[in-house]
Amino acid sequence: MKLTAIASFVTIVTTAAVSFSSQAEIYVAPFGGYSFGSSEFDISNPNTDESGKLKVSESEHYGVMIGTTTKDPGNIYFLYSTQATDLRNGAFSDEIFNELDVDYFHVGGSLYFPNGNFKPYVTVSVGATHMRPSGNYSSETRFSMAFGGGAAYEITPQVALFADVRGYATFVNSDNTFFCGPNECVWNISADVMWQGQANVGLEVKF
């Protein structure tokens with residue numbers, strides 16, 4: 001999936017969301033948090049017949065959501081999240097294999113269950129996961145979806161603090177090569193889905 005196609009899809013969905021209700025409010029919500037619990041890839045080295053696991057390390061991330069409120073009550077949003085981390089190969093050594101940036105580009109929505117200023121919510125989203133290794137290794141972009149839950153607290157009608165936990169499923173669907181170098185693919189990787197969790201805290205500002 002090309003990033004230009006993702007950007008076009010996001011533009012269409014956002015435009016439709018803005019026109020959905022004349023009473024909708026636009027909001028911006030920067031956030032930060034911690035990415036954890038990444039699932040492992042089964043790997044093998046065709047040159048040595050060694051096998052083991054490759055895993056995305058836990059680390060901090062940050063991002064932003066831009067969206068519009070709905071009458072449900074809820075919202076529709078575009079989410080961008082980026083994590084600077086690394087790939088570790090516990091089977092062959094404890095050393096870092098390569099640095100890695102993991103970006104999520106998602107379109108989603110939330111449904112709130114208000115109780116005064118306190119607003120618990122559930123959320124789902126779909127989009128793409130873009131994995132960018134450092135050096136000369138190839139980047140990979142795969143379809144992904146996420147689900148989660150959290151709560152927001154309205155400080156004023158226009159400003160709210162929020163915290164949530166999200167689970168991301170990236171559909172790798174690879175039984176061959178992944179993160180190839182300029183001359184060869186050092187490892188063969190077998191995986192269907194990469195799971196990753198996020199814990200987030202942020203500030204929502206409505207306009």
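Student: What makes Phe118, Tyr153, Ile155, Leu161 and Leu203 a nonpolar patch on the surface?

Tutor: This is a predicted model, and every value here is computed from it. A patch takes residues with over 30% relative accessible area and no salt bridge, and nonpolar side chains are joined within 5 Å. The five residues Phe118, Tyr153, Ile155, Leu161 and Leu203 form such a patch, with about 470 Å² of accessible area together.

Student: Why is phenylalanine 118 called partly exposed?

Tutor: Partly exposed lies between the 20% limit for buried and the 50% limit for exposed. Phenylalanine 118 has 42% relative accessibility, so the label is partly exposed. Its place is in strand β7, which covers residues 118–133.

Student: Why is aspartate 86 called buried?

Tutor: Buried means under 20% relative accessible area. Aspartate 86 has 12%, so it counts as buried. Aspartate 86 sits in strand β5, residues 74–89.

Student: How do you know that the side chains of aspartate 86 and serine 57 make a polar contact?

Tutor: The limit is 3.5 Å between N or O atoms, with one able to donate a hydrogen and the other to accept it. The side chains of aspartate 86 and serine 57 make such a contact at 2.5 Å. Aspartate 86 also has a side-chain polar contact with arginine 88, at 3.3 Å.

Student: What about serine 57: buried or exposed?

Tutor: Serine 57 has 11% relative accessibility; the cut-off is 20%, so the residue counts as buried. Its place is in the loop between β3 (50–56) and β4 (59–70). The side chain of serine 57 also joins that of arginine 88 in a polar contact of 2.9 Å.

Student: Which residues does serine 57 touch, if those up to four places away in sequence are not counted?

Tutor: They are Gln83, Thr85, Asp86 and Arg88. With the same exclusion, aspartate 86 touches Lys55, Val56, Ser57, Ile96, Asn98, Glu99 and Leu100. Touching here means heavy atoms within 4.5 Å.

Student: What makes a set of residues a nonpolar core?

Tutor: The members must be buried nonpolar residues joined through side-chain atoms within 4.5 Å. The largest nonpolar core has 25 residues, and Phe41, Met65, Leu79, Phe162 and Met194 touch the most other members. Its largest share, 4 residues, comes from strand β6, residues 96–112. In soluble globular proteins, nonpolar side chains tend to be buried together.

Student: Which residues are in contact with methionine 65, leaving aside its neighbours within four places in sequence?

Tutor: Methionine 65 is in contact with Tyr27, Val28, Ala29, Phe31, Tyr77, Phe78, Leu79, Phe162 and Arg166.

Student: How many helices and strands are there in the protein chain?

Tutor: The protein chain has 1 helix and 10 strands. From the N terminus on, the order is α-β-β-β-β-β-β-β-β-β-β. Buried residues make up 43% of its 207 residues.

Technical notes. Residues numbered from 1 in each chain as written. Predicted model: local features only at pLDDT ≥ 70, side-chain atom pairs only at ≥ 80, totals over all residues. Heavy atoms only, no water. Helix = DSSP H or I, 4+ residues; strand = E, 2+ residues; numbered from the N terminus. Buried < 20%, exposed > 50% of the residue type's maximum accessible area, 1.4 Å probe, protein only. Patch = residues over 30% accessible without salt bridge, like charges linked within 9 Å, V, L, I, M, F, W, Y side chains within 5 Å. Areas by Shrake-Rupley, 256 points an atom, 1.4 Å probe, with all protein chains shown as cover. Salt bridge = Lys/Arg side-chain N within 4 Å of Asp/Glu carboxyl O.
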